[in-house]
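User: I would like to go through this model term by term, asking what each label rests on. Please set the values against the definitions as we go.

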Amino acid sequence: MYGAQAIEHGSTRPGRWLRDRRVKVMLWVAAIEGLLYLFHVLHWWAAVGLAVVALAFWWFVTRRARNDALRHAGWIFAASQLLVLCVPLALGILKAVAIAVIALLAIAALIVLFTDRS
């Protein structure tokens with residue numbers, strides 16, 4: 001049995017498959033939903049509501065579930081929804097930074113215009 005892995009007690013085939021691929025699945029789900037948000041298919045409040053539902057589902061249902069696949073699916077659901085919430089937050093931060101840079105450039109241009117003696 002050189003190189004064989006031990007099967008964890010209480011795990012199922014779908015649960016092991018999800019456990020091995022849960023980060024990859026979570027990132028794909030978050031990327032697709034993030035694109036939906038960026039193209040205005042998914043509204044900000046829908047993303048927040050779905051994240052709250054996902055977190056509550058994970059907290060109250062899947063953390064204590066005996067089914068291995070349900071635990072991993074709940075984790076993927078909650079993590080992907082929380083990651084999707086980072087898209088609008090990052091977009092808002094980038095917008096604020098862009099507005100601040102434009103305002104600073106406008107102030108600098110006004111200073112140059114008003115200090116010009118010609």
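User: What does Ala51 touch, leaving out residues up to four places away in sequence?

Analyst: In this predicted model, where local features need pLDDT of at least 70, side-chain atom pairs count only at pLDDT 80 or more, and totals for chains, interfaces and linings use all residues, Ala51 touches Gln81, Leu82 and Leu85, a contact being heavy atoms within 4.5 Å. Residues are numbered from 1 along each chain as its sequence is written, and side-chain values use heavy atoms, with hydrogens and water left out.

User: What makes Ala51 part of the largest nonpolar core?

Analyst: A nonpolar core is a set of buried Ala, Val, Leu, Ile, Met, Phe, Trp, Tyr and Cys residues joined through side-chain atoms within 4.5 Å, where buried means under 20% relative accessible area, exposed over 50% and partly exposed in between, with a 1.4 Å probe and protein chains only. Ala51 belongs to such a set of seven residues, together with Ala30, Leu42, Ala47, Val48, Val84 and Leu85. Two or more residues each come from α2 (44-62) and α3 (68-115), helices being DSSP runs of H or I with at least four residues, numbered from the N terminus. The largest share, three residues, is that of α2.

User: Why are α2 and α3 called roughly antiparallel?

Analyst: Their axes, which are lines fitted to C-alpha atoms over the stretch in contact, with angles from 0 to 180 degrees between N-to-C directions, come within 8 Å and cross at roughly 150 degrees. Angles under 35 degrees count as roughly parallel, over 145 as roughly antiparallel, 65 to 115 as roughly perpendicular and the rest as oblique, and α2 and α3 are therefore roughly antiparallel.

User: How do you know whether His40 is buried or exposed?

Analyst: His40, which lies in the loop between α1 and α2, has a relative accessibility of 72% and therefore counts as exposed. Its phi is near 60 degrees, a positive value in a residue other than glycine.
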